[in-house]
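Open your viewer and get ready to click along. We will begin with model confidence and then settle on one helix.

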Amino acid sequence: MKMSIFMRGLALRAIPLGSKDSRPPASQTEAILPHPMPRLLAEVFVLRASPNPLIYDLPEELCSRVQAGSLVQVPLRRQRLPGLVWRLFSLEKKPSFAVRPIAEVWDERWALPPTLLRLLDWLSKYYGASLGSCVDLALPKSLLRTTKRVRAEENAEKDRQTQASSIPIPTLSPEQEAAVEDMWDSYRQRRFVAHLLHGVTGSGKTEVYLRVMERVLADGREVLYLVPELSLTPQTLRRIRERFAGHHEVAVWHSGLGEREKREAWEAIASGKVKIVVGARSALFLPQRNLRLIIVDEEHDNSYKQNENPRYHGRDVAIYRAFLQGALCILGSATPSLETFFNTRQRGFRFNSLPRRVDRRTLPTIYVADMRHEMNGRLPALFSRQLLDRLRDRLERKEQSILFLNRRGYASTYLCTSCDYIATCPRCSVSLTYHRVPEHLSCHLCAHREPLATRCPRCASPDLKLLGAGTQKAEAVLQKIFPQANCVRVDSDTVSQRKALPALLEKFRRGEAEILIGTQMISKGLDFPNVTLVGLLQGDLSLHVPDFRSSERTFQLISQVAGRAGRGEKPGEVILQTFLPQSELLRWAQRAQFEEFAEEELQLRQQLGYPPYRHIIRHLLRGKNAEATAHQALAWGDYLRQRLDPSLIELRGPASSSIEKIHNYYRHTLFFFVANVSQTLPILLQLRKDFPWPRSTLDFWDVDPLDMT
Ligand code: ADP
Ligand code: ZN
Ligand code: ZN
């Protein structure tokens, strides 16, 4: 049987053109490729079948209909499969290997635009991922189903039903006006410009996006509006629909869409009918041809980073796509990432700021509650008296409160007071969390569950204690103090199904509950006008994480959570409970002084050579055998040290990861600090290829990692 030849993108240039090697005899090739030279060949990614492109012949009758980006059907072994034409090239002479022809054009209406192909190419190089895995991002599985064509009109129907209602459009504040005009100036240059729009929550950033969108749409161009997690920002989508759905088709894109919805949306976007895409990071790879504005809302948000291969950062891909499209890119946040803030100082990103809330609404007042003095008997209290007093007050005034605790479950530690035994996961090096309903211990990394021991497994003592309160416990304590109050708890235990979250939030919005308790899930974007009190039960919890970004994250967390208070007519208050009331970081957060915080933090990063001054590339190794994995990590580290130029690539490690074991895999990390990723990553990947690697040790690369564990 004649097989197509699997070729790496790079090896291609080395094809022995007609050389006399031991490839199939000419007569065989002839039989498959009957027409004369020179001939056109195509590199084709057979979707979800190979990480590298295969070579196919482009028959003459298809020449006029196939180009780079076309979707075609190709033969592979005994099957006929869909593929993407990556590029075309010609050979003067008869190739010395057997090539089969492209069978047909899959669907003529669909082809990926050239800028999207270039984006995928860059993605694969920058993140060191196979081109095939990047191509998969642009062609969702649901497209491959060759079921009957669904008509995109049905989707459009839904939009027309959401007629643009006649809600009043506010008059812009002078700051908003200035930001819109500045962005519009950039747009009119018809080349890539990035803007950071910094504004506290409720300062009218979304209104600025909407105004710029309006103008770009009137110019006949398309818009991509990215949000970190669509399920958490239903209001944003509603506002966009209200404003535009009557005139422009809006499509929604996120991983939770059904297969059919995805196919419908993809087709409508590819056809150019859709003018506005609102989506999560995966929307960056949609075939919008006329894209001239990309908005990255909450640009600092970590969920823009993909935690599986290819491990890309949606914000950075957005910037690169805007660059390729010659588009305007707006990055908005109340607490910008230091990377983006740095770019306004060093890389010519423009900086627009909205320093006030609209309508003279004041920012919530943040009070610091010193938890060192708050006791509940002999144990540290979960709620300060300040917070309880204000909660009582809100319940009486029929206003709502949000309580935030970034730890789910009931208690994070199950401890034996006689021998200090702590219940830990048998598969991971973390302690088990106690859950009360139903009662069990569970691991938050691998979902291991076990019943609660009534006696210590090590010393048989019955003196076991629960420490470290989580959201379940907070809810239970609260119910005891305020039995009349209705609570809604939002964490990944209560919203394991994707549909559950909107229902819980809607219940709160309708006023059926007075108190919302949740983990970081509720720190984002939510806008409930009747909320006048926010409590951060452990405002400094995230400071104790061993990560160079812990200050930045804590600042973001406090500002974001605080921003949930006082969104309506009534002013808001925030109680920040902490064991570190003197910390300067808390004071900056308290006064919403982002720039002061950022300047100081940047100086520190510069001294230490951390991002954004350098890039980090993380290489993680894992294996089931503790010794073999450690040995491999050490040997690999030694090998690298002998070969790397430390002025180009600074290696730190290998070391046991901060979570040493997950799911029975022992983990070791190497960190590479570099000034330039595209210069250095290929060197590292080549060394990795040359070094002997046992199959029992798995590894992955993470460029610009956010997760340092
Ligand atoms: P952000 O995105 O910064 O949180 P929004 O754009 O959502 O802020 O604005 C907060 C609220 O204020 C929204 O309800 C919005 O409709 C309203 N708003 C925005 N700009 C103005 C304005 N110039 N005048 C009056 N209300 C405004
Ligand atoms: Zn014990
Ligand atoms: Zn576990």
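Colour the chain by pLDDT, the predictor's confidence in each residue from 0 to 100. Confidence is lowest in helix H1 (residues 26-32), with a mean of 44, and highest in helix H10 (residues 314-325), at 98. Helices (H or I, at least four residues) and strands (E, at least two) are DSSP runs numbered from the N terminus. The chain averages 85, and 89% of the residues score at least 70.

Residues are numbered from 1 along each chain as its sequence is written, and chains are lettered from A and ligands numbered from 1 in the order in which they are written. This is a predicted model, where local features need pLDDT of at least 70, side-chain atom pairs count only at pLDDT 80 or more, and totals for chains, interfaces and linings use all residues; side-chain values use heavy atoms, leaving out hydrogens and water.

Now select helix H19, residues 677-690. Its buried residues (under 20% relative accessible area; exposed is over 50%, partly exposed in between, 1.4 Å probe, protein chains only) are Val677, Thr680, Leu681, Leu684, Leu687 and Arg688. Seen down the axis of H19, they fall within an arc of 125° (directions from the axis to the C-beta atoms), so they line one face of the helix. Turn to the face pointing away from that buried side to find the exposed Ser678 and Lys689.

Next, show what covers the buried residues of H19: among the elements are helix H2 (114-127), helix H18 (626-643) and strand E30 (698-703).

Finally, zoom in on the start of H19, where a side-chain oxygen of Asn676 comes to within 3.0 Å of the backbone nitrogen of Ser678.

Note on methods:
Expected span 1.5 Å × (residues − 1). Contact = heavy atoms within 4.5 Å. Polar contact = N/O pair within 3.5 Å; in protein donor to acceptor, adjacent residues only side chain to side chain.
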